[in-house]
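Subject: Handover of a structure and the findings on it

Dear colleague,

Please find the structure below, which I am passing to you for your further work. My findings follow directly after it.

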Amino acid sequence: MSKPIVATTSLAGCFGCHMSLLDIDERILELFDLVEFNKSPIDDIKTFTKQCDIGIIEGGCCNSENIHVLKEFRKNCKILISVGECAIMGGLPAMRNNNASITECLEEAYLNCVSVQANEEKIIPNDEELPMILEKVYPCHEIVKIDYFLPGCAPRADLIWNALVALVTGNEMDLPYEVVKFD
Amino acid sequence: MSKILITINGKEYSAEAGKMVLEVAKEVGIYIPTLCHYEGIKAQGSCRICTCLIDGRKMTACTTPASHRMVVETNTEELEKIRATIVELLFAEGNHFCPACERSGNCELQALAYRYKMMVPQFPYNFPSRDLDATNPKIMIDHNRCILCKRCIRRKKEKDNPSWFVFKGRGHKTQINIDHELIDKEFDDKLAQEAMDTCPVGAIIRKEKGFDVPIGSRKYDKDPIGSDIKKQGVIL
């Protein structure tokens, strides 16, 4: 039997969850024995080259490109896992959902913020090439169906490892109390 | 003091008459989850987390006095499901950004979510528009995290009037606000800590202090909420 294929991506996240995946330390060698990686920042494959079994999503959706990538993942992966608080509930980027409109956010970032110094023409980037920023930040499961959720900021390396190994080997997930945390 | 007999989870216990079911259960080492209840202040039974099957009906354990020959079930599958749903509703209703909260690891709402193994609420997030009041030098209140349990108001009112905190608005627009005049007059670090400890979540935060306990040694990092309630009662 060929090895299960894993794809990973970071949407509106900070790559902390990917760092946490690397925190499995020497078990990464075991991981490469267990699975094959496809589209992922880990092996730098940019586009899907085949159908994958497991898609690991870090980060929520804050712009049109995030939505596009997430839908691509749903199309190309049998199982999707939301990893980390941002993918599950929007996380820190979703703090703008609270009070600020997108106009206020952009004006604060490019015009009004105390650290803005060199923007004399008062330009807010709006090139066609740039993805459109969404009015709100969305958790991944509000855009596509997500099969599993691993909370944490970042999720403990043991949590990701235990879940991934269980999924790949077909065993029941062993998620001890100490590793399932929201921070 | 008159004694009564009460059956909890199939076992018979003797208890003092007049105590609430919650207290009786705690005395015999049975944990019933609570959120709006705070040791030492009169219970109000608003969060419904402590809902138990009492003589066949779903009642809040914190406001139901134990009576003779009462039969109580504290942890049936249905009750645990109801409690988990309440926790999920609270998470979806407010803006609970755990990674950015000073109370994370010591938060009762979060600890209950861990207890019920909540990975994600089954409800869509509400993301309500709420602000915070950080004008006081000693204390701040973040309405995003408030679950309106009223513990902060009730506690102070019962001990000595008036309260440092007040209700404003009605229904889903209700907010806990700081009584600035009163707090300016009498507040110090000790009272600020007291106010913060009364809050089950991170809505009331003492200023200039936070994140001082490392991850791994906070209250609910290793032991689930309720594991400190040890068995000490007498089985008849």
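Predicted model: local features only at pLDDT ≥ 70, side-chain atom pairs only at ≥ 80, totals over all residues.

The buried residues in question are A:Leu159, A:Ile160, A:Trp161, A:Ala163 and A:Leu164. Directly after H6(A), the backbone of A:Gly170 adopts a positive phi of about 80°.

Contact between the chains

Chain A contributes 22 residues to the contact, and chain B contributes 21 residues. On the side of chain A that touches chain B, the largest share comes from helix H4 (residues 85-89) of chain A, with three residues. Sorted by class, this side of chain A holds twelve nonpolar, six polar and four charged residues.

Overall form of chain B

Six helices and ten strands make up the secondary structure of chain B. Its C-alpha atoms occupy a box of roughly 55 × 40 × 35 Å along the principal axes. Does the radius of gyration of chain B agree or disagree with that of a compact globule? For 236 residues the globule rule gives a value near 18 Å, and chain B has 19 Å, so the two agree. Of the 236 residues in chain B, 38% are buried. Among the contacts in chain B with a separation of 6 or more, 65% join residues 24 or more positions apart.

Domains of chain B

The domain assignment divides chain B into domain 1 (3-75) and domain 2 (82-206). Taken over C-alpha atoms, the centres of domain 1 and domain 2 of chain B are separated by 25 Å. In the contact between them, twelve residues of domain 1 of chain B meet 15 residues of domain 2 of chain B. The side of domain 1 of chain B that touches domain 2 comprises seven nonpolar, three polar and two charged residues.

Strand pairing in chain B

Strand E1 (residues 3-8) of chain B pairs with strand E2 (residues 11-16) of chain B in the antiparallel sense, over six bridges. Within this pairing, B:Ile8 has B:Lys11 in E2(B) as its bridge partner. The hairpin of E1(B) and E2(B) has two residues between the strands, and B:Asn9 takes a positive phi near 50° there. E1(B) also pairs with strand E5 (residues 70-73) of chain B, in the parallel sense and over three bridges. In that pairing, B:Ile6 stands opposite B:Met70 in E5(B).

Chain B also contains an open sheet of three strands in the order E6-E7-E10, with antiparallel pairing. Strand E6 (132-133) and strand E10 (204-206) of chain B are its edge strands, each pairing on one side only. Strand E7 (residues 139-142) of chain B is joined to E10(B) by three bridges in the antiparallel sense. B:Met140 stands opposite B:Ile205 of E10(B).

With kind regards

Technical notes:
Residues numbered from 1 in each chain as written. Chains lettered and ligands numbered in written order. Contact = placed C-beta atoms within 7 Å. Helix = DSSP H or I, 4+ residues; strand = E, 2+ residues; numbered from the N terminus. Nonpolar A, V, L, I, M, F, W, Y, C, P; charged D, E, K, R; others polar. Rg over C-alpha atoms; globule rule 2.2 N^0.38 Å. Buried ≥ 20, exposed ≤ 12 C-beta atoms within 10 Å, placed from the backbone. Domains from an automatic or database assignment. Pairing = 2+ DSSP bridges.
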